[in-house]
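Here is my note for your reading of this model. Please keep the structure open beside it and check each point as you go.

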Amino acid sequence: MPGNKPHQTKLTEGGIETRTRSSSASVDATDQGTGEQNRGVMAAIEKLSSRLDRIDSNQAKLLAEMRSSTKEIKDELMLELAGLRTRVEMLERKVENNLSRKNDKATFDPSRSIIVINLESDGEEEDLDMKVAQLIHSGLELPEVQVDHCCRMRPRNNRPGVVKVEFADLETKVKVLRAKSKLKDVDGFDRVYVHSCKSHAERLIELNFKSILKDLPNGDQYKFSGSGRLTKGEDRGRANMNREG
């Protein structure tokens with residue numbers, strides 16, 4: 001029995017030594033496997049990060065393209081809207097002018113109306129009722145006269161549009177026409193002229209007479225007064241002073 005102890009101890013020590021080396025090899029293998037796994041995970045993370053970067057880059061590029069496209073579309077729409085707005089405004093003005101011309105012919109009674117020439121215009125914002133009232137009350141010195149209604153026609157040849165004025169009756173119109181000579185002495189109205197409003201038939205008759213006078217000997221000596229009377233030479237001045245329009 002004593003002869004067997006060293007052998008057992010050696011075996012035991014060998015066994016211990018074998019087991020220790022085996023355990024170290026297992027730890028090394030485990031560490032190596034863990035390192036490879038970590039490297040695989042890091043590679044996967046880097047690959048994923050790269051993909052995310054590309055996604056972010058593509059997203060930023062897409063957003064920039066969308067903003068650019070949206071701006072272009074917005075600019076095109078604004079141009080279209082501006083063009084449409086201009087065309088609508090032109091159509092509105094055309095309709096208003098057509099309605100105005102129709103209303104002028106339909107509502108103004110020539111027997112009770114006058115026309116005012118060279119009355120300065122303040123554009124679209126002018127208060128025509130007040131301006132005509134100043135002409136009659138201050139220029140003609142007729143504060144008791146009231147205007148039924150008035151309107152300004154379209155301007156021509158860079159001159160203010162003619163103003164049509166209608167009164168309640170013929171007597172008021174005659175009173176205004178008899179006072180019109182006062183305008184030449186009033187500052188601001190000295191170049192304003194007042195005439196009687198003629199009907200379409202009256203204008204045609206006057207035009208026909210003028211055509212006839214052109215073909216007659218000494219026909220140029222005759223002229224129509226503001227009241228529509230045919231006058232000659234020196235009689236014109238007196239007739240114009242007393243004319244009714």
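This is a predicted model: local features need pLDDT of at least 70, side-chain atom pairs count only at pLDDT 80 or more; totals for chains, interfaces and linings use all residues.

1. Helix 5, residues 235–242, has a mean pLDDT of 45, the lowest among the elements of the protein.

2. Look next at residues 1–14. Here too pLDDT stays under 50. For these residues the model has 1 contact beyond four places in sequence.

3. **Confidence overall.** The mean pLDDT of the protein is 76. Of its residues, 72% reach 70 or more. Helix 2 has the highest mean among the elements, at 94.

4. **The layout.** Count 5 helices and 6 strands. Follow them along the sequence and the pattern reads α-β-α-β-β-α-β-α-β-β-α. Take contacts between residues at least 6 apart in sequence: 56% of them join residues at least 24 apart.

5. **Burial and surface.** The protein has 245 residues, and 21% of them are buried. Its accessible surface comes to about 18,400 Å². Carbon and sulfur atoms account for 54% of that surface.

6. **The core.** The largest nonpolar core holds 21 residues. Which of them touch the most other members? They are Ile 114, Val 116, Val 132 and Val 165. Four elements each supply at least two residues of this core: strand 1 (113–117), helix 2 (128–139), strand 3 (163–166) and helix 3 (170–178). Helix 2 gives the largest share, 4 residues. Helix 2 is also the element with the highest mean pLDDT.

7. Select Ile 114 and leave aside its neighbours within four places in sequence. Ile 114 is in contact with Val 163, Lys 164, Val 165 and Phe 167, among others. Its contacts also include Lys 173, Val 176 and Leu 177. Further along the sequence, Ile 114 is in contact with Val 194, His 195, Ser 196 and Cys 197.

8. **A nonpolar patch on the surface.** Now turn to the outside. Ile 205, Phe 209, Ile 212 and Leu 216 form a nonpolar patch there. Together they have about 370 Å² of accessible area. Ile 205 lies in helix 4, residues 200–215. Why does Ile 205 count as partly exposed? Its relative accessibility is 47%, and partly exposed lies between the 20% limit for buried and the 50% limit for exposed.

How values were computed
Residues are numbered from 1 along each chain as its sequence is written. Side-chain values use heavy atoms; hydrogens and water are left out. A nonpolar core is a set of buried Ala, Val, Leu, Ile, Met, Phe, Trp, Tyr and Cys residues joined through side-chain atoms within 4.5 Å. Buried means under 20% relative accessible area, exposed over 50%, partly exposed in between (1.4 Å probe, protein chains only). Contact means heavy atoms within 4.5 Å. Patches are made of residues with over 30% relative accessible area and no salt bridge: like charges are joined within 9 Å, nonpolar side chains (Val, Leu, Ile, Met, Phe, Trp, Tyr) within 5 Å. Accessible areas come from the Shrake-Rupley method with a 1.4 Å probe; for residues, only the protein chains shown count as cover. A salt bridge is a side-chain nitrogen of Lys or Arg within 4 Å of a carboxyl oxygen of Asp or Glu. pLDDT is the predictor's confidence in each residue, from 0 to 100.
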